[in-house]
Amino acid sequence: PAMVVRRDTASSGTSADGDYAMLSVDSNGRLRITDDRVGPSTGTPSAVASTTTATTVLAANTGRMGATFTNDDANILYLLVASSGTASATVYSVPLAGNGGYYELPLMKNGLPYTGIITGVWAADGSGSVRVTEYTA
């Protein structure tokens, strides 16, 4: 059986890299787990007008923690979430329906979203835009 240290108040049990550390439990015997990750603190909105020429919807950003996209144009928006290729009606990752189609970048295996360039093209030129919010720390 494993030995654990009871700590009713969270505190550090190590003093330097490479130290041995013991598992610690709270007063109810539950394993104490800390999570040092910090969620996004900034949401930056932007809009990209409808066009039938492939265009950058969101530039690459290594600090990206998430992004949302809403198509308020009447026409389908074809989003390409890839570092190469040209967005088109046959080369795309996600089709966003007209008049409110929504997409949220999924988290990848490492717990972070895709951070590369995102391009898009509309099926026909309209009078709307894609409304984008990018989240960063």
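In what order do the four strands of the open sheet stand? I looked this up in a predicted model. The order is β4-β9-β6-β7, and the pairing is antiparallel.

**Sheet edges.** I checked β4 (55-58) and β7 (94-96) next. Both stand at the edges with a single partner strand each, so one side of each has no neighbour in the sheet. From one strand to the next, the twist averages 35°.

**One pairing.** I then followed β6 (residues 77-81) against β9 (residues 118-122). These two strands pair in the antiparallel sense over five bridges. I picked Leu79 and looked for its bridge partner in β9; that partner is Gly120.

**Asp73.** I moved to the loop between β5 (64-71) and β6, where Asp73 lies. Is Asp73 buried or exposed? I found it buried, and without a salt bridge. Arg131 has the nearest side chain of opposite charge, and it is 9.1 Å away. A salt bridge needs the charged atoms within 4 Å. I also looked for a polar partner. A polar atom of the Asp73 side chain lies 2.7 Å from the backbone nitrogen of Gly128. Leaving out residues up to four places away in sequence, I noted that Asp73 touches several residues, among them Ser50, Asn99, Trp122, Ser127 and Gly128.

**Whole chain.** I finished with the totals. The protein chain has zero helices and 10 strands. I counted 29% of its 137 residues as buried.

Conventions: Residues numbered from 1 in each chain as written. Predicted model: local features only at pLDDT ≥ 70, side-chain atom pairs only at ≥ 80, totals over all residues. Heavy atoms only, no water. Pairing = 2+ DSSP bridges. Axes fitted to C-alpha atoms, helices over the stretch in contact; angles between N-to-C directions. Buried < 20%, exposed > 50% of the residue type's maximum accessible area, 1.4 Å probe, protein only. Lys, Arg positive; Asp, Glu negative; His and termini not counted. Polar contact = N/O pair within 3.5 Å; in protein donor to acceptor, adjacent residues only side chain to side chain. Contact = heavy atoms within 4.5 Å.
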